[in-house]
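Here are some brief notes to read beside the model. Please start with the aromatic residues, then step back to the whole chain.

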Amino acid sequence: MRIAIASDHAATDLKASLAEWLMDEGHEVADLGPDEGESVDYPDYGYKLAEVVADGTAQYGIALCGSGIGISISVNRHPALRCALVSEPLSAALAREHNNANCIALGARLTGIEMAKSCVATFLNTEFADEGDPAGRHQRRVAKLGNPPTSPDHIETHQ
């Protein structure tokens, strides 16, 4: 699998550990930076990660910052990206299974390396529930994520 990984300065150690582990697991990993010691702005790296996943260079992305919140917000600015901030394996599985997330975000100050590995492994090994079913209930909802309505009173109900 081709995986891109990016962080801010608070998560360079976690990024390096995850990248090394992923390569040991047989994945291709594109480390989008930054290098250790540089103080950077997480949106720059979130946007860079989103572009690489959106254009197909990488199948999935891993976004890291101190809390995971800021970089996940920046990744989600791209309409083709669905980045889920997770802290344990169940949310990582549900992000893939129900939301077809193509990026995972973790907080380096909140998540240890073993938990981060568990989250990433679960994320990468979980299939989207509606894979191959364009009429599936999850697919219908996921399609709306990249196309917000122009009218605020556009709400559908389903039986």
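1. Start inside. Y60 and F123 are both buried. That places each under 20% relative accessible area. Keep in mind that this is a predicted model.

2. How many aromatic pairs does a search of the whole structure find? It finds one. Y60 and F123 form this pair, and the geometry is edge-to-face. The ring centres are 5.6 Å apart, with 75 degrees between the planes.

3. Which parts does the pair tie together? Y60 belongs to strand β3, residues 60-65, and F123 to helix α5, residues 113-125, so the contact links parts that lie 63 residues apart in sequence.

4. Now the fold. The chain holds six helices and five strands. Read from the N terminus, the order is β-α-β-α-β-α-β-α-β-α-α.

5. Dimensions next. A compact globule of 159 residues would have a radius of gyration near 15 Å; the chain has 16 Å, so the two agree. The C-alpha trace spans about 50 × 30 × 30 Å along its principal axes.

6. Packing. Of the 159 residues, 45% are buried. Take the contacts with a separation of 6 or more: 66% of them join residues 24 or more positions apart.

7. Surface and charge. The chain exposes about 8500 Å², and carbon and sulfur atoms supply 49% of that area. There are 12 positive and 23 negative charges. Their mean positions are 7 Å apart.

Technical notes:
Residues are numbered from 1 along each chain as its sequence is written. This is a predicted model: local features need pLDDT of at least 70, side-chain atom pairs count only at pLDDT 80 or more; totals for chains, interfaces and linings use all residues. Side-chain values use heavy atoms; hydrogens and water are left out. Helices (H or I, at least four residues) and strands (E, at least two) are DSSP runs, numbered from the N terminus. The radius of gyration is taken over C-alpha atoms; the globule rule is 2.2 Å times the number of residues to the power 0.38. Buried means under 20% relative accessible area, exposed over 50%, partly exposed in between (1.4 Å probe, protein chains only). Contact means heavy atoms within 4.5 Å. Accessible areas come from the Shrake-Rupley method with a 1.4 Å probe; for residues, only the protein chains shown count as cover. Lys and Arg count as positive and Asp and Glu as negative; His and the chain ends are not counted. The place of a charge is taken as NZ of Lys, CZ of Arg, CG of Asp or CD of Glu. Rings of Phe, Tyr and Trp (its six-membered ring) pair if their centres lie within 6.5 Å; planes under 30 degrees apart count as stacked, over 60 as edge-to-face and the rest as tilted.
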